Amino acid sequence: MANQVKTPKVTVIDPTVPEKAKLRVAAYARVSSDSADQLNSYLAQVDYYTRHIGENQDWELADIYADEGISGLDTQKRDEFNRMIADCRSGKVDRILVKSVSRFARNTRDTLHFMRELMQLGVTIRFEKENIDTGRLSSEQTATIYAAFAQMESTGHSSNMRLSVKMRMEKGIFTPSSMPYGYRLNGLEPEIVPEEAEVVRHIFSSALRGQGRKDIAKELNELGIERSHGRTVWHHTTVNYILTNSFYTGNSVWQKFCTTDTLPFQKTKNKGQLPTYHAEDDHPALISQKDFQRVQALIAQRREQFYADAAAPRSVYTGKIYCGRCGSKFRRKMCGDKVYWDCYRHNSDKDLCPAHQVPETALTASTLRLHNKLVFHGQELLQSLLNQLREIRERELRSNQKLSDIDKEIANISGQNLVLIRLKGKGCIDPALALSQADQLNRRQRDLRRLRRKVLEAADGDEQIQATEAILDYLETVQWQTEVTPDLFENLVERITVTSAEEVKFRLLNGLELAERLV
């Protein structure tokens, strides 16, 4: 009988579809700067984003980050923003929801800087008001436009504030936010502080007797006289500020300093860019006008006597060149039609320092050579340094147990807030009780954020990272230069050290030192 072929038993195994990982979505908000409304604003946004993220089955809530009452002009002052960026770098967030570009950052540079970094990390940002999603290739161009509008909004707000201040100055009703030593504000009116006023009068009478500012400061320190705001040590610069401040005559000079019109806003001395305002008999005087003018004449006489070369035109190198032998600063010297830089100590006594003078032409050639090298070849070096600094910083922060504990408690409080919001929304808890408990949680969260900021400030690295980023931004905006300008020292070089007759060393603003030949 022929062998029968057995039919094999076949079991069909249905394919299994792996469960799709949910997108970890976070939200960033900046709540009202009005302390009375901060809690309600925060709870409202937490409630909104919790519901919004929960409605999408493919999303899960990573965290909600909210900075309370802090200006958006500078990201350094936003603890929650920086915590969010750190969580993105740690791979805890896939997507960020923000109400608008202006809530994310108030200047174009910061907006694009963090957008690019987050995109490199694979984190997308959705700006709801502008309907911009960085997951789309063309979004960055659109964001640039809106970030520019946000910057204009901040600049416009600042302009309105300056206009308001100007109008009050013109009407003579302006009140400074702080008072010099000897006065305090009583409401909106300057008021004399009797014990401090006696010190001011003593300083002026000592100056009129011929006593120098350093000697006056030394005497005040020996007498144990305290300064204002908890400061204890008197310096000759402090004494000089008092002796040259016409406020003590009962007259006010407003707008001695002014703020730049563009971001980031910087306070600079008003050298005629804007009008100054003189208000006579604006407040009680401590010193007579006659005595004040006599003191100014004595100061001018001493300046002429001891600083005869002070009228020489200030160079971009002034205060920036140091001796590599003794550490003294270099001073500018004219020899006929040639300019040299010489060590102060060597100039006073050649036996004190063997350093030789340096021709300004050679110094300029070295400075320009360094600048132009960095413009064309330095970005790769500095970017590599920046990446290393960030990596070191992240390792330090991850190993910082105190910071880790603070972050865990902040996240735990955020979770408790979310539970309160849900219970309140379902009617399971009295609204007043929910608000009270949320208030306690948010107070604790604010304390933790302040503590976190102190821990970060105590750790090294942030300043060097920020300085390196600023240098990279500067190098992207400049080209080949043929002359040394003040911008070069404001944005790139901190100081120059003359190490020998053939070499100088440039220290950049981030602490990096680069040698350049001196020929």
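A: Helices here are DSSP runs of H or I with at least four residues, and strands are runs of E with at least two, both numbered from the N terminus. On that basis the protein has 15 helices and 18 strands. The model is predicted. Of its 519 residues, 39% are buried. Among contacts with a separation of 6 or more, 62% join residues 24 or more positions apart.

H6 covers residues 194-208, and helix H7 covers residues 213-223. Angles over 145 degrees would count as roughly antiparallel, so H6 and H7 are classed as oblique to each other. The crossing of H6 past H7 is right-handed. On the H6 side the contact involves Val-199, His-202, Ile-203, Ser-206 and Ala-207, and on the H7 side Ile-216, Glu-219 and Leu-220. By type, the residues of this contact are 5 nonpolar, 2 polar and 1 charged.

H6 also packs against helix H8, residues 236-243, at an angle of about 90 degrees and with the axes again 10 Å apart. That angle falls in the range of 65 to 115 degrees, so H6 and H8 are roughly perpendicular to each other. Here Val-200, Ile-203, Phe-204 and Ala-207 of H6 meet Val-239, Ile-242 and Leu-243 of H8. The residues of this contact are 7 nonpolar, with no polar and no charged ones. Ile-203 and Ala-207 are among the H6 residues that meet H7, and they are also among those that meet H8. As background, an α-helix has 3.6 residues a turn, so residues three or four places apart point the same way.

Helix H2, residues 79-89, can be described by its burial. Because 9 of its 11 residues are buried, H2 is largely enclosed by the rest of the structure. The buried residues include the charged residues Asp-79, Glu-80, Arg-83 and Asp-87, as well as Phe-81, Met-84, Ile-85, Ala-86 and Cys-88. After H2 comes Gly-91, which has a positive phi near 80 degrees.

Cys-88 has 3% relative accessibility, under the 20% limit, and therefore counts as buried. Leu-121 is in the loop between helix H4 (108-120) and strand S4 (124-127). Setting aside neighbours within four places in sequence, Leu-121 touches Cys-88 and Arg-89. Leu-121 and Cys-88 are 33 residues apart in sequence, with a C-alpha to C-alpha distance of 7.4 Å. Leu-121 itself is partly exposed, at 38% relative accessibility.

As for the cysteines, the whole structure contains 0 disulfides. Cys-323 is a case in point: its nearest cysteine sulfur belongs to Cys-353 and is 3.6 Å away, whereas a disulfide requires sulfur atoms within 2.5 Å. Cys-323 is buried, at 4% relative accessibility.

Most residues other than glycine have a negative phi. Asp-281, not a glycine, has a positive phi of about 50 degrees. At 68% relative accessibility, Asp-281 counts as exposed.

Conventions:
Residues are numbered from 1 along each chain as its sequence is written. This is a predicted model: local features need pLDDT of at least 70, side-chain atom pairs count only at pLDDT 80 or more; totals for chains, interfaces and linings use all residues. Side-chain values use heavy atoms; hydrogens and water are left out. Buried means under 20% relative accessible area, exposed over 50%, partly exposed in between (1.4 Å probe, protein chains only). Axes are lines fitted to C-alpha atoms, for helices over the stretch in contact, and angles run from 0 to 180 degrees between N-to-C directions. Angles under 35 degrees count as roughly parallel, over 145 as roughly antiparallel, 65 to 115 as roughly perpendicular and the rest as oblique. A crossing is left-handed if the near helix is turned anticlockwise from the far one by less than a right angle, and right-handed if clockwise. Contact means heavy atoms within 4.5 Å.
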